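Hello,

Please find the structure below.

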Amino acid sequence: PPAMSRRVVRQSKFRHVFGQPVKADQMYEDIRVSKVTCDSSFCAVNPKFVAIIVESGGGGAFIVLPLAKTGRVDKNHPLVTGHTAPVLDIDWCPHNDNVIASASEDTTVMVWQIPDYVPVRNITEPVVTLEGHSKRVSIISWHPTARNVLLSAGCDNLVILWNVGTGEMLLALDDMHTDLIYNVGWNRNGSLLVTTCKDKKVRVIDPRKQQIIAEKTKPHDGTRPIRAIFVADGKIFTTGFSRMSERQLGLWDLNNFEEPIALQEMDTSNGVLLPFYDADSSIVYLCGKGDSSIRYFEITDEAPYVHYLNTYSSKEPQRGMGFMPKRGLDVSKCEIARFFKLHERKCEPIVMTVPRKSDLFQDDLYPDTPGPEPALEADEWLSGKDAEPILISLRDGYVPIKNRELKVVKKNILDSKPPPGPRRSHSTYSSVTLCPPSPQQPALEEVLEEIRALKETVQAQEKRISDLENKLGQFTNGTD
């Protein structure tokens with residue numbers, strides 16, 4: 001019968017996802033967003049904080065604001081300033097909401113502890129500085145399931161994996177990329193990496209075996225940068241450009257990397273498309289740098305595999321974009337994604353919602369999602385163990401954990417290496433190690449203890465001053 005020939009509309013609970021900017025007073029205003037030309041997203045968010053790379057004279061800085069501190073940002077608001085050249089990328093630790101890493105043109109990676117209260121002065125002392133790159137470092141990314149494992153990639157075409165807890169380099173992947181690395185992404189359990197490179201190849205790498213296990217040359221024919229991320233079932237999603245400079249997206253299967261599962265043309269804009277993926281809903285959001293829209297697609301096992309859902313459009317172009325982890329969303333409002341869109345002078349949250357009539361918890365929208373507990377220790381991962389993320393339920397929403405300290409225990413170099421210089425005879429060496437502790441030892445311990453106590457006093461006073469300033473602010477602004 002002719003009625004059957006009507007096109008059947010695909011069923012999906014995400015067909016009607018819509019995006020909305022927050023009200024004007026819920027934005028973060030008066031922020032001088034960095035003007036560095038770099039395809040990083042410039043913004044990193046978690047359930048406690050929003051961090052944004054900012055302009056800074058001589059050196060590099062980013063600003064960290066508590067999520068609730070919306071409105072105009074005080075021009076004297078403290079910054080995180082330790083780098084001697086611009087900051088190019090920032091990433092919050094997935095297992096500690098008070099720890100953030102930054103990568104810089106000064107060739108270093110720094111890891112910072114951010115207090116729950118707003119400090120009075122700039123934060124200038126990182127918990128640890130990771131030195132190993134010889135050129136600027138433009139990419140950093142924490143391991144999704146192993147504690148304290150951090151990846152960095154630099155313009156020296158080198159990928160380094162660090163154990164932040166000891167400050168040591170775990171692995172250096174040095175002979176794999178022949179040119180500038182555009183992006184690096186982990187798979188869900190952190191056993192594999194996918195990278196894109198100026199040499200027009202997408203590589204899938206087993207970092208512990210230091211092997212390339214699959215590669216695809218020219219997934220997109222154009223010359224402009226490619227991005228790649230892992231999506232469900234180990235498939236790979238790419239964005240790039242056709243030979244005619246049209247923007248494209250692609251979906252690939254590792255077992256047959258030759259032919260794409262899907263390849264779609266989009267438009268002729270020239271901004272690189274940054275993909276953000278939500279594994280819980282299988283939605284990829286594409287945010288072009290310099291675009292004023294966010295397009296989103298659902299990835300399924302049925303043709304055409306990448307299904308266009310909708311476009312969120314606005315008037316102003318985005319300079320960068322932050323993407324909230326699932327546990328930072330408001331489940332009572334059926335919010336399935338929240339973006340933090342950077343303009344030149346402000347940051348505007350954009351909320352993606354699935355319309356529902358009921359205000360009960362919608363468990364089909366919120367399957368259990370990765371929580372803040374790591375599933376592995378760094379050395380377990382390095383020795384070959386894999387573990388899926390430890391999941392939590394969002395049924396009652398997520399309550400962030402109080403300030404957790406990152407402790408860095410540098411291994412004593414003398415324990416592992418023979419002394420430098422000419423080999424001493426064994427007997428003198430052992431007599432050096434066996435001599436009784438010198439009388440200065442206790443004195444040094446006392447001094448260190450005193451310094452520690454002074455630091456604690458200063459921090460307590462800073463918190464007190466900050467609390468008083470907040471009270472005074474509420475006073476002068478009338479009631480808050």
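Cys 347 is buried, at 0% relative accessibility (buried means under 20% relative accessible area, exposed over 50%, partly exposed in between, with a 1.4 Å probe and protein chains only). Cys 197 is buried too, with a relative accessible area of 1%.

Before going on: this is a predicted model, in which local features need pLDDT of at least 70 and side-chain atom pairs count only at pLDDT 80 or more, while totals for chains, interfaces and linings use all residues. Residues are numbered from 1 along each chain as its sequence is written, and side-chain values use heavy atoms, with hydrogens and water left out.

A disulfide is a covalent bond between the sulfur atoms of two cysteines. Here it is counted when a pair of cysteine sulfur atoms lies within 2.5 Å, and the count is zero. For Cys 347, the nearest cysteine sulfur belongs to Cys 43, 4.9 Å away, and Cys 347 is in no disulfide. Cys 197 has its closest cysteine sulfur in Cys 155, at 11 Å, which is too far for a bond.

Now the sheet. Strands are DSSP runs (E, at least two residues), numbered from the N terminus, and two strands pair if DSSP finds at least two bridges between them. Four strands form an open, antiparallel sheet in the order β20-β21-β22-β23. Because β20 (227-230) and β23 (262-265) are at the edges with a single partner strand each, one side of each has no neighbour in the sheet.

Strand β22 (residues 247-252) is joined to β23 by four bridges, and the two run antiparallel. Gly 250 is opposite Leu 263 in β23.

Regards
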